[in-house]
2 protein chains.
Amino acid sequence: MHKAINYLCASAMLLFAAGALYAQSKQQPLTIAKQGSFMIGGSVITEQGSFDLNNALKPQGQTFHGDHAYVFYQIPVKAHKLPLVFLHGAGQSKKTWESTPDGRDGFQHIFLRKGFSVYLLDQPRRGDAGRSTASVAITPTPDEQFWFTQFRIGNYPDYFPDVQFPRDSVSLEQFFRQMTPNTGAFDGAIVADACSEIFNKIGNGILVTHSQGGGPGWLTAIRNDKVKAVVAYEPYSGFVFPENELPQPIKSTGLFGELKGIGIPMNDFLKLTKIPIVVYYGDNIAKEPTLTWNKDHWRSGLEMARIWAATINKHGGNATVVHLPEIGIYGNTHFLFSDLNNMEVADLLSKWLKEKGLDK
Amino acid sequence: MHKAINYLCASAMLLFAAGALYAQSKQQPLTIAKQGSFMIGGSVITEQGSFDLNNALKPQGQTFHGDHAYVFYQIPVKAHKLPLVFLHGAGQSKKTWESTPDGRDGFQHIFLRKGFSVYLLDQPRRGDAGRSTASVAITPTPDEQFWFTQFRIGNYPDYFPDVQFPRDSVSLEQFFRQMTPNTGAFDGAIVADACSEIFNKIGNGILVTHSQGGGPGWLTAIRNDKVKAVVAYEPYSGFVFPENELPQPIKSTGLFGELKGIGIPMNDFLKLTKIPIVVYYGDNIAKEPTLTWNKDHWRSGLEMARIWAATINKHGGNATVVHLPEIGIYGNTHFLFSDLNNMEVADLLSKWLKEKGLDK
């Protein structure tokens, strides 16, 4: 009986996949006016002494450039004025925004087709931007069942019943393999430095962040007024508040414990009130405190986001928190932009960009 | 006087750069039928024990996927039959083949425009393919003046007089920043495993390697007959010979000492005689042994390549070594495909691909 159901499910999935492929195969070609890559930001270490050409493996007098970001960009023909700059989250690279684990178009492609120039980062000390001024030791630690659960695909080995994540093993393997380690400790200020330099290079644009990228995202918008809007998918840590308006920490059974805001000078905070901001959260997040730690972890994030947006708006800002199930979109994981319904998630963002006049 | 010359040089370079930009700005848009990214190959570590949802940070019963490659691909409209698969060298990522340090089109773009599907790898334990089953410690060690010299831009701080590398500091910084560390020890067999899996996935194609990628390149062609040709830019180590035909090691004043061939079974070696192979070397490589270690390092590589090609051809193969200065192309560094004359270097490859019927 179980086997029969599995067979039916597999058949349905194949039909679905075939449908998706057919839909994509009908697409017009992408017409790219220009594409390329560059490194941006970062710092330099110079070892004391003089470089000796005859002892060239000695570090004396030599330099080391590190802590930059890597950027791959594509500019479509007849691009909208404001590009989208995408910053990934913890343990991820720009792959986050590319092809989905089951090989469908990611936000990179979807927003190119919608006419946006797209800039994808590997943040400093990650991926192709691997040179770090800080040392690191990297050890392979089996942790994927944790991440499956933490990212709300389900409570491992169970998938959430309505989850918008493909259930075949190949897709799950792709998802696991897209994780990539820090090559130096995460440092939000260094990430924000490099992000800000991107906007100095390319001009006005819209910053799109995921998860841990949220914190450096706010810092980037604060330090560079060329950031004309911020879109944050499931930020958790890094919410900044005026120093004297810090909320109570939010307790959680999540495995990272209680969640605190970060105090910054009022003048800095007020810069976040000058631009439109939208924050999205997916499904299977608890409404009340619960012992189910993954649902409770994201409950604390969502609650903090709401307090934060209210603080922004109290000071004259324009921040919106969208919890997808509340508008009838169900089953999204922490990676809502690569979930099975990512076209719907993208259309939602398109609608917001249009409302705010950001897609001209 | 020096200042005046520098000023003239800088002005000439600006004019040149402006000309290049103008030439590129006149280009037609790229029309991409399909693009995307995926992870390929690799292995899995599984920690003994059972995963405990309530102790989800403990590794027991959890998995770790590592040692895969990352691939970004673009398929142009009306693509030639055989795609080009690009494997970078030591300390590099797929950035090697993208925009050049001075922002011109790299081989990624040039060969897309020539109608080839282009697959760029981050090899296992590098860049966006960072998860490694081997532990590593990474320390920032100033070494860039060494690499400047080793890669034959010049003998630091001097540029070679005719070098095809831009002399502005911004380009040099971009070049330095595109280095990215191993996140696990380099292992040619693991790289070849992942490369071979790419051909299993995409079918017949042409493998293009750089430097340290040369060795895993030969191994990939040996283990997978879907590799229909190999193009190697300045391979150094990793030349494989029949076990009983190993050449004498080549002594060198290069900083990596003498260069040895690697013995493999004759049956494996003979597979390299079934496909066309071309190997390119740039300029400023010594003709005779010399104490100038960078020129002598590459002299040993070039000499080994010639012995190797002769061995391939003696057994009925079709391998060619091209030393660019001998055909009137001067000043190329170790990164000839991103040098100032990379269009000429690309056209040379086009001509070879056409001669061998590989561009249909």
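This is a predicted model: local features need pLDDT of at least 70, side-chain atom pairs count only at pLDDT 80 or more; totals for chains, interfaces and linings use all residues.
**Figure 1. Symmetry of the two copies.** Two copies of a chain are related by a rotation about an axis and a shift along it.

**Figure 2. Domains of chain A.** The domain assignment divides chain A into domain 1, residues 1-30, and domain 2, residues 33-355. Taken over C-alpha atoms, the centres of domain 1 of chain A and domain 2 of chain A are separated by 30 Å. An unreviewed UniProt entry places the feature "domain: AB hydrolase-1" at residues 84-250 of chain A. Residues 84-250 of chain A are 29% helix and 19% strand, and the end C-alpha atoms of this span lie 32 Å apart.

**Figure 3. The contact between chain B and chain A.** To this contact chain B gives 78 residues and chain A gives 78 residues. The two chains bury about 6,200 Å² between them, with 52% of it on carbon and sulfur atoms. Of the area that chain B buries against chain A, 13% is supplied by Arg131(B), Pro142(B) and Arg177(B), more than by any other three residues.

Figure 4. Side chains of opposite charge can pair when their charged atoms come close. Six salt bridges are counted between chain B and chain A. Arg131(B) forms a salt bridge with Glu144(A), and the closest N and O atoms of this pair are 3.7 Å apart. Across the interface of chain B and chain A, 53 residue pairs are in polar contact. Several elements of chain B each supply at least two residues of the side that touches chain A, among them β1 (30-40), β4 (69-76), α3 (144-150) and α4 (169-177). The largest share of that side, 10 residues, comes from β1(B).

**Figure 5. A salt bridge within chain A.** Over all chains, a search of the whole structure finds 34 salt bridges. In chain A, Glu234(A) forms a salt bridge with Arg152(A), with the closest N and O atoms 2.6 Å apart. This pair links distant parts of the chain, as Glu234(A) and Arg152(A) are 82 residues apart. Glu234(A) lies in the loop between β11 (227-233) and β12 (240-242) of chain A, whereas Arg152(A) lies in the loop between α3 (144-150) and β8 (154-155) of chain A.

Definitions and conventions: Residues are numbered from 1 along each chain as its sequence is written. Chains are lettered from A and ligands numbered from 1 in the order in which they are written. Side-chain values use heavy atoms; hydrogens and water are left out. Domain bounds come from an automatic or database domain assignment. UniProt positions are given in the numbering used here, feature names are shortened, and annotations may be inferred rather than shown by experiment. Helices (H or I, at least four residues) and strands (E, at least two) are DSSP runs, numbered from the N terminus. Contact means heavy atoms within 4.5 Å. Buried area is the accessible area (1.4 Å probe) that two parts lose on being put together, summed over both. A salt bridge is a side-chain nitrogen of Lys or Arg within 4 Å of a carboxyl oxygen of Asp or Glu. A polar contact is a pair of N or O atoms within 3.5 Å; within protein, one must be able to donate a hydrogen and the other to accept it, and residues adjacent in sequence count only if both atoms are side-chain atoms.
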